[in-house]
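Me: Could you help me go through a structure step by step? I'm new to this, so please keep the explanations plain.

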2 protein chains.
Amino acid sequence: MGTSSAALEPTPRTTLKRAPDRGTYDREAIHAILDEALICHLGFSIGGKPGIIPTILGRSGDTVYVHGSTANRALRALAAGGDACVEVTLIDALVLGRSAFHQSMNYRSVILYGPMREVTDAQEKLEALRVMVEHAIPGRWKDVRGPNVQEFQRTMVLALDIHEGTAKVRSGPPIDDEEDYELACWAGVIPLEQRPGVPASDGRLLPGVDVPAYASDYRRPGESRS
Amino acid sequence: MGTSSAALEPTPRTTLKRAPDRGTYDREAIHAILDEALICHLGFSIGGKPGIIPTILGRSGDTVYVHGSTANRALRALAAGGDACVEVTLIDALVLGRSAFHQSMNYRSVILYGPMREVTDAQEKLEALRVMVEHAIPGRWKDVRGPNVQEFQRTMVLALDIHEGTAKVRSGPPIDDEEDYELACWAGVIPLEQRPGVPASDGRLLPGVDVPAYASDYRRPGESRS
């Protein structure tokens, strides 16, 4: 989808009314946040009642993929044309201002809206499954057994084309009311990062199977800032 | 709310159809997951269209609090009686099975449903703000300037009583198809934890103000498992 423009068009629900300087419609910024997130939060509405599923995602170009069981009520409603929203948030730091009101966090978030489409073309579906496996663990796909016919049929893949949405980013120190800088109160940021530990091998590994580098040196893209 | 029972009553939308052994309605389990989460994902529906706001939360007994600007469209819709859902997810590990189908994550998640109520009683509202500050940074409230009249009036607090919902937990090694254990493929888990870094003091601190222990030794409750 190389013809898409570099920025999304704002819409009424993606126009930020508060702190608009924290928002961006830039596709590259949106892609980078999506790519670093391990999961997304998939919002749906059935009979006017909201629901959310936390789920693995993947991105290929301007398309976000999610998947789940073909029996999943929410995925079925979305496949049938229901509106969706996809949200991801990365927490980079706690922000300690000098007042309760200015306690905050540094974060990078994306929210996307739109109808989703069920991916029924076998080739796109297999590619989407590959993209999701590689999204979480780059390098993994070549080592695992691919989906068999039953798994493929039991799995529903949904696609959201990145068309309506926005990213929000807060970074830097607290921003306090001018008079509060006179307070003898510590202020600053506590950086947070999601750090991988030492891989634990499964108890039933065949002899001689080593931990692959993508597991022993695991890291997210763009790790880490405060 | 000491009279509430130890477990939530299942409802049609909180009855898990897949992997029901991963679900629990136990209040203590639900509370522990809520308490460890830095943010929640607040789902709403306006005109049948779903939306999600990532936001700070706090818990007091069987009540979850969130807050935001009184101008916020979603919070206003929820205050007016719209249905809400509140979701939190903690990622504990990546789970690498021997097949693409069995790639997974270890996680602890909670989803709660219900109408929210706007907290208008000044005493409960102030207490809710305290609970939210302390939720993210235990020990912080006593050191910061409390909300002034303008801040208090510009802030909307919403409460969700924990009544309908469920927790889901996956832990442990991958669970592969029996025949896949013959594959010469590494399998196991990569633990993940959200780790705090060294606090960075704000550039305008008054002389002699030290980093408090709650910042230099910051940790989440129940940190960390895989």
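Me: Over how many bridges do strand S7 (residues 117-118) of chain B and S8(B) pair, and in which sense?

Reply: Keeping in mind that this is a predicted model, strand S7 of chain B and S8(B) pair over two bridges, and they do so in the antiparallel sense. Within S8(B), the residue that Glu118(B) stands opposite is Leu158(B).

Me: And which residues make up S8(B), and how many bridges join strand S4 of chain B to it?

Reply: Strand S8 of chain B covers residues 155-161, and seven bridges join it to strand S4, residues 63-69 of that chain, with the two running antiparallel. In this pairing, Gly68(B) stands opposite Met156(B) of S8(B).

Me: OK, stepping back, how many helices and strands are there in chain A?

Reply: Chain A has five helices and eleven strands. Its C-alpha atoms fill a box of roughly 65 × 50 × 35 Å along the principal axes, and 38% of its 226 residues count as buried. If you take the contacts in chain A between residues at least 6 apart in sequence, 72% of them join residues at least 24 apart.

Me: Which residues of helix H1 of chain A are buried?

Reply: In helix H1 of chain A, which spans residues 27-36, the buried ones are Ile30(A), Ile33(A) and Leu34(A). Looking down the axis of H1(A), you find these buried residues within an arc of 100 degrees, so they line one face of the helix.

Me: What covers them?

Reply: The cover over the buried residues of H1(A) includes S3, strand S4 (63-69), S5, S6 and strand S9 (164-170), which belong to chain A.

Me: Switching to the two chains, what rotation superposes chain A on chain B?

Reply: A rotation of 180 degrees, with 0.0 Å of shift along its axis, superposes chain A on chain B with an RMSD of 0.0 Å. The two copies are therefore related as by a two-fold rotation axis. In chain A, the C-alpha nearest that axis belongs to Gln194(A), which lies 2.0 Å from it.

Me: Which strand of chain B is joined to S10(A) by bridges?

Reply: That is strand S11 of chain B, residues 200-201, which is joined to S10(A) by two bridges, the strands running antiparallel. Here Val189(A) stands opposite Ala200(B) in S11(B).

Me: Which residues touch the most other members of the largest nonpolar core?

Reply: The largest nonpolar core has 111 residues, and those touching the most other members are Leu94(A), Leu112(A), Leu94(B) and Leu112(B). If residues up to four places away in sequence are not counted, Leu94(A) touches Met105(A), Val189(A), Ile190(A) and Leu192(A), as well as Ala136(B) and Ile137(B).

Me: Last one: is Lys142(B) buried or exposed?

Reply: Lys142(B) is exposed, because it has 9 other C-beta atoms within 10 Å, and a residue counts as exposed with 12 or fewer. You can find Lys142(B) in the loop between helix H3 (122-136) and helix H4 (149-154) of chain B. Arg130(B) is twelve residues from Lys142(B) in sequence, and in space the two are 9.3 Å apart, C-alpha to C-alpha.

Technical notes
Residues numbered from 1 in each chain as written. Chains lettered and ligands numbered in written order. Predicted model: local features only at pLDDT ≥ 70, side-chain atom pairs only at ≥ 80, totals over all residues. Least-squares fit on C-alpha atoms with pLDDT ≥ 70 in both. Pairing = 2+ DSSP bridges. Helix = DSSP H or I, 4+ residues; strand = E, 2+ residues; numbered from the N terminus. Buried ≥ 20, exposed ≤ 12 C-beta atoms within 10 Å, placed from the backbone. Core = buried A, V, L, I, M, F, W, Y, C linked by C-beta atoms within 7 Å. Contact = placed C-beta atoms within 7 Å. Arc of directions from axis to C-beta.
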